[in-house]
Each structure stands twice: as structure tokens, then as C-alpha cells.
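Trainee: Hi! Could you walk me through this one? I'd like to ask things as they come to mind.

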Amino acid sequence: MTFGVIFTALMALLLLGYYIGKKRSIRLSDKSNQRLHSLPQHYGYLIAFWSSAPALLILLFWSVLESSVINSAIIAQLPVQFQQSSADEVELFINEIINLSHSGVTISDEVKRHAVFYYNELIEFSNWVKSLIVFVLAFMGMFIALAFVKPEMKARNLVERLIRWSMIGCALIAVLTTVGIIFSVIFESIIFFKTVNVFDFLFGAHWSPQEAIREDQVGGSGSFGALPLFVGTLLISFVALMIAVPLGLMSAIYLSEYSSPRFRLFAKPVLEMLAGIPTVVYGFFAAITVAPFIRDLGESLGLSLSSESALAAGIVMGVMIIPFVSSLSDDVISAVPQALRDGSYAMGATKSETIKQVIIPAALPGIVSGVLLAASRAIGETMIVVMAAGLSANLTFNPLEAVTTVTVQMVALLTGDQEFDSTKTLAAFALGLGLFLTTLVLNIISLYVVRKYQEQYD
Amino acid sequence: MISNTKKIKNKLAKRYAKEKRFQIYGLSAIAVSIAFLLSLLINISTTGFPAFQQTYINIDVNIDSKLLNLVDKYNEKALFSANYRKVVNQSLKTLFPGVKGRKQKKALRQLVSKSARYQLRDLVINNPDIINTKQSLWFLARDDVDVFMKGGIDRSLPESDRRLKNFQLVWIDKLLAENRLEKRFNINFFTQGDSREPEQAGIKGAMIGSLLTMLVTMLLSFPIGVAAAIYLEEFAPKNNRWVDIIEININNLAAVPSIVFGLLGLAVFIGVFGVPRSIPLIGGLVLTLMTLPTIIISSRASLRAVSPSIREAALGLGASRVQTTFHHVVPAAMPGILTGTIIGMAQALGETAPLLMIGMVAFIADVPQGITDPSTVLPVQIYLWSDSPERAFTERTSAAIMVLLGFLIVMNLLAVIMRRKFEKKR
């Protein structure tokens, strides 16, 4: 039986368990003339839980572990020379066996035929044992739980405890995600830093991750100095912020201080649409339209521009993060109490003087925090730079030249087909660690700024 | 005294001018942003719109069994492997007699798409009686012809700079004069999977892939996110260190770059659990982790907005806290929760970077059948096509973007409508 069939059967058992539990509790209370402690459906929920949850857990576990156990069993019974070949070849062989067993073609090779036969046998056996264990567990759960059903049993409390624990489990998934991210990037990074010195990685000025395939190959030793990537990332993010901060801030000021409610109702959602457009669309627009436009513009001004200049990617990225700056600034500017404005007007200040000298200083922590969040967004942005910035790792602060960024290199390192533990793959994880830490620090600073410096007016 | 008033008056004009300028700066900031948005949308739709049409070529095909190399015309296996390419090429030769030279002959063959032979094959297998008859058939035109028909190739350019040479233009003019070229609605774009040939490439595979990925994402992230939000908002003890840690965590996760979630998927789901690459299941898992913070944060906000009097009334009537929450608070907060979920799903639908990390960038021509079939998704398809040099792919990329934006607009409208309805009720 396949996973789907067993799963459907378990769902049917769940419904059956609910029905039986409910009926049985009613019958018991009728017979003993005793009032039930809880509502009948609480007993039903309880039986339904015990008749499906443990079995489901085992089913999931089995299905996850099944393939790796079977694969190692097949490898173990192969002739010795096969077992000594490289991990790649063994994996290839296993894939071939699996494909052959599905296709049902007659096989001439003796070893393969044997392996396919063995594979089919194992799969069948595994399915058998899996179904047996799962259903035994399901029925056992149901009957044992049914035996516990008594009118004085506190079913509701038990059900509510179950609900509460499962909700805690869901909330913990967020924590597990963070732990997973930290562990996965740190583990791989530690292996990476065993082959590449940390300082060479952080401050090395030469990035060319191509590794030698043959021993005698020239110029492919692979050097991992990530400084050009960091500088490139900072350069593009800087250009983006130069666009996003003035535009976003001025839009927010106009929308919250000057505009009529009707204009605001129209303009605010339109501005926020900028944040809803997928980044791959911005990337395409940057590569096809903005970059050639800027290059032509530069040429007509007599500048020599690379067609993958940092400027084009930065400008488009800046437009993308305008809403982050504008909506956060809008919120904090609106939160400045009217009394401050009235006080300023009473002293004879014009509206713009009030904004510049009273409102902006009062809202500054919030605005800074919004800008920091936008910066963290720009540093982690991937698709725009992948499509519009290049792969050439130039160490330059000139926005007219092509630069590459951390995220571009991560994509370049990981989208090819390579072994999982090659230095190239590991380098991507080291870059990921840097990216994660940078954005984390920016977020923490932005929270801290608001907490520490924002005045409370209420 | 008078001079002071005068001074102030003079200064006042300057200050008012400044005021005016400041206001104009603000307005122009909004105008620039909106202008950029508009130019993006207009640019994409003008390049993408032609892709919804496709040029077809009409050819009189003489389905000669000798050319097909076919003896028994009712043997299905023989019908399947017969030489349809030769038949198509021969028909083109009869249409344009006297073509000389290897280069010109090759160009002639390339007027029609490679799919012509398969189209002919399916036709013959369905109805073997048409063998040894003459049929007038419409085939897909090659991408160069298609681009020309949509005005993408300028005749006035010197021949060496053109994708179509002079002799090819002569053929096309002849075809046009005989009404053998026609632009029709490009149904293939919506019914076919990816292809190396632009005229055959469609987005069905990517759309189904996106749908399956979104299905996995929704089935996982909605219940988990809502349950987590309910716990944190309604049940979690206040001022508890562990609860604080969970909350800070969720807020931080919301700002982690999406590409990092791809690394997590690569290291944990693929590296540790051995889930195969590039299937919707793993794409959905990664996107679930990415959208969870969005859903949790917005669900908490809408749970918080439910007035405490509802809780107090239910508790006062003797309901337990779980009953209060699930029978009264959650239903009241549901529109807000759903709005947040839809926005989270729209984000996930447009996401590309983490899916590149887990290998959803492979070229896959087949339409996926289930969540464990290799597949790609719409944004990744856009990324793949944008890399192709053919002009016809550029317009298809824009068309795919239009489809993606269409889905996103529908989802966001749904969220807006829901929010409006919710606000009216309260």
C-alpha cells in the first residue's frame, strides 16, 4: 500500500474514532445513569486523536527514512568493486535501479537485474511492514482509548491540554526554523573555514571560486577573498538607499502632512504596489530596459558605462524599497502628536518649517529604524542583482562599473550541479552566514533605536 | 519699527516660496515613484502582448507513404516511427521550387517549427486513411518568422544585420500573398510545458508547478501559522522568558533574506532528510517557513483587534478558554487572518531566490502530475526565459510576467475586498 492509501485509511479511522467515541460516551452515561463530565464530542475527539495521531507519526517517520535504509541495503549486497567506487557513481547506480524497477523493462546486466529484484522485494516488504505497524497502532490506540472512556473521565480537559500542546508545537516551529538556519549555515561554514582562512575570506581581494578539476590545471586553484563581494553589495545597497530614502521620505511627508484624504487613499496603495511586485519582474525590467537606458544615457554624456553597471541594479532596487521607507515613516510621522504641530504654528512657523524642525526630529528614531530595515532588505535582495548585476568580482567604489554581490555569488555557486561538500558549495554557506548575521544585526539595531530613542508622548 | 516689519515681510515671501517648493518636492517624489511603476507595467505589457498571438503557416502536404517509408499503414508502431520530417520538408520544397544551396535549403526547412512533424504524426495516427492524400495543414511558424510577422524585424536594415535574409523575405512575401501566413491566438502558451523552441514554449508546466507548490505551502502554513498566533495571543503566559524568545524570533525571521531560507532547505530538507531536488513538495516546505512569520504576525494583529468584551462574555457564561477562543474569538478574527494569509501566499507566489537554491531551475518540459514530480514555478520560469537570447523568448517572458502579475492582482484584490467587508461589519 502506498503512502496515500494508508493516509486516507487513517483519516477514515479518525472519523470512525470520533463517531464511536461520541456514541459510546452517550451509551455509557445512559446505562450508568451518570452525567457525563464533558460533552460527548470531547470523548469523540479523544478517541479520534488516539486512533490516528500515533499511527500517523510512525507513518511519516517510516516514509522519510525508508528510501535511505533501502538504498544502503542495496549497496551492502552489491559486489565489492561497486561499493568501493565513488559516492557519485553509487548514487547514479541507485537512481538507475529505481528507474529500472519502475519502467519494468527486461534487464540484461546480471548485477543490475539482481539489484532491481532485490529493490522490488525490499519495497514490497517495507510497504507490508509499514501498513501492518501503522494499522495495528491505530486500532490499538482506538481500543485502549475506548477502554478509558467513563462518564466521570475529564475528556474536555484532556482535549484542551492536547490542543494547547499542539499549538505550542506550532509556535516552536518558528524557533526551530531559526535554529535550523543557524546550524545549517554554521556547520557548513566551519568546514569551509577549515580549508580557507577566515581572514583571507573576509579581507582577501581576489574572488574566483573555480576549482581545479584536474591536478595539473592552470589558474583554477580557487581563491575565496570575499571583499569585492562585500564592497559590491554595499555599493549597490548604497545606490538603492540614495534613491529610496529621499523619495520614500518625501512621499511619506506629503501623504501624511499635505495631501487630501482622497489623494492619500489613492496614492498610498499605489506606492505599496511597488513592494508587491515580484523581484524577478524588477530584475527583468532592470536588465532589459533600465540598464540599456542608463548605458545609452551615460554614453551620450561621454561616460563609459558597463551594461551591467551597479547603477542600474541599484536604482531599480531603490524603487523596490521605497514602500518600506515610506510606509514606516508615514506611521511614525502620523504618530507625532498634534500638540507639537500646533505649538510650532503658534510660534509663527510655516508648515514646512514645522515639518523640518519639529516633526522630523520627533520622528527620527522611527525613520532611522525604517531606513535600516530597508537597508537590510536591499542587502539580502537577490533576483534584481542576479539578473541586472554581473558576476565579475571588481573591487571598486565606482557605480558605473559592473560589480557582483554576495547573493549573486551564492546563486552562482549553488545552481550548478556539484557535490554537496565541495569547497564551492561550502563557500555559499559561508556567504549565507555573513548575510544572515548582517541582516540580523541591522534588525536588532533598528529595534534598539526605536526602543531607546523614540519619545513616548502619551 | 517700520523697517522691522518690512524685513519680516520681505522674508515672508521667501519663506512662503520655500514652503511651496517643499510641497512640490513631496508631490514629485510620489509622482516619480508612480511614474516608475507605470513605465514598468506599460513596458512589460507592450513587450508581452504580442506573445499572446502566434504565426501559423499553411502548407499543402502530400502525405506520401513512400516518403514516410511506410509499408503497412495500420501498424501503429510503424506509424509512430515513420519519417514525417521528410514529408514536411518535401512539401516545403514543392511550395518553393528551385531552392539551391545548403544554406538556403536549411533556411527553407526552418520556416516551420520542429513541432510540425509531431503534429503530422498525431494526425496520421488518428486517421491513417489520409495517407497518400494531399492535405492543406496549418503548422506553427518558426520564431524568426513569428517575430517578423509581429514587426520585430526591420526590412530597411542592411541584410547582414537582419535575422532574416533577403531570400527568406521573398519567401515570406510569397506566403503572405497566397494568404498562407496567419496570426492566431497563442493557445500553446497556456497548454504546453517549457520548450527549447520559443514557438512551442508554454507556461502550463510552470503554472501547475506553482499551483502545487502553493497548495503545499497553504496546507502547511495556514494551520501552523494560525495555531501559533492563537497560542501567542490567547494562551501564552505574559512576561515569560520563553514566550519572549519565540516572539523575538518570529519578528527576526520576518526580516531574514529569502535566499537564506533556500540555504536552510538545501542543508536540512535535501541534505539531511534526502528529499529529492526540484519538486513542489520541497518548494512548498521552504516557502512555508518563509511565509509563517507573515501569517503569524498578521493573525496576531487581527486576534488582538477582537474586542475583549466578547472574550469576557463567553468566559462569563462558563465556556472554557479553549472554547472561548475557538467558538468566539477566532471566528471574529477570521477575515483578518485570511487577509494576512492571502498576502503571505501572494508573497510566496512571487518568490524566486529560495527556489533557485533547492534546484527548481532545471529545464523541465513535462507538466508535473503531483507534488513529487520535478517541476518549476512561474517566477523561476520567468528567470529562465529571461536568460534566453532569442527575441521570441523576451516577449514570452513579458507575457509570463503579465500572467504572474494577473494572479497577484487577483489575490490582492481578494484581500482588499475581505478587509473592506470586515471593516464594515465592525
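Trainee: What radius of gyration does chain A have, next to a compact globule of 458 residues?

Mentor: Chain A has 32 Å, whereas a compact globule of 458 residues would come out near 23 Å. The radius is taken over C-alpha atoms, and the globule rule is 2.2 Å times the number of residues to the power 0.38. Keep in mind that this is a predicted model, where local features need pLDDT of at least 70, side-chain atom pairs count only at pLDDT 80 or more, and totals for chains, interfaces and linings use all residues. Residues are numbered from 1 along each chain as its sequence is written, and chains are lettered from A and ligands numbered from 1 in the order in which they are written.

Trainee: Thanks! And what box do the C-alpha atoms of chain A fill?

Mentor: Roughly 85 × 80 × 40 Å, taken along the principal axes.

Trainee: Which domains does chain A have?

Mentor: Domain 1 covers 3-153 and domain 2 covers 223-453; such bounds come from an automatic or database domain assignment. The centres of these two domains of chain A, taken over C-alpha atoms, are 49 Å apart.

Trainee: How many helices and strands are there in chain A?

Mentor: Chain A has 16 helices and two strands. Those are DSSP runs numbered from the N terminus, with helices being H or I of at least four residues and strands being E of at least two.

Trainee: How much of chain A counts as buried?

Mentor: The figure is 39% of its 458 residues. Buried means that 20 or more other C-beta atoms lie within 10 Å of the residue's own, exposed means 12 or fewer, and partly exposed is in between, with C-beta atoms placed from the backbone.

Trainee: Changing topic: how many residues of chain A are in contact with chain B?

Mentor: 68 residues of chain A touch 66 residues of chain B, where a contact means C-beta atoms, placed from the backbone, within 7 Å. Helix α6 of chain A, residues 155-195, gives the most to chain A's side, with 19 residues. That side of chain A divides into 42 nonpolar, 21 polar and five charged residues. Here Ala, Val, Leu, Ile, Met, Phe, Trp, Tyr, Cys and Pro are nonpolar, Asp, Glu, Lys and Arg are charged, and the others, Gly among them, are polar.

Trainee: Now chain B. What does its secondary structure come to?

Mentor: 18 helices and three strands. Chain B has a radius of gyration of 31 Å, while a compact globule of 426 residues would have one near 22 Å.

Trainee: In what order do the strands of the chain B sheet sit?

Mentor: The order is β2-β1-β3, in an open sheet of three strands with antiparallel pairing; strands pair if DSSP finds at least two bridges between them. β2 (134-140) and β3 (181-185) of chain B are at the edges with a single partner strand each, so one side of each has no neighbour in the sheet.

Trainee: How many bridges join β1(B) to β3(B)?

Mentor: Five, and the two strands run antiparallel. Across that pairing, B:T55 stands opposite B:K183 in β3(B). Strand β1 of chain B, residues 53-62, pairs with β2(B) over seven bridges.

Trainee: Which residue is the bridge partner of B:I57 in β2(B)?

Mentor: B:F139 is the partner of B:I57, and B:L140 is the partner of B:Y56 in β2(B).

Technical notes:
Contact = placed C-beta atoms within 7 Å.
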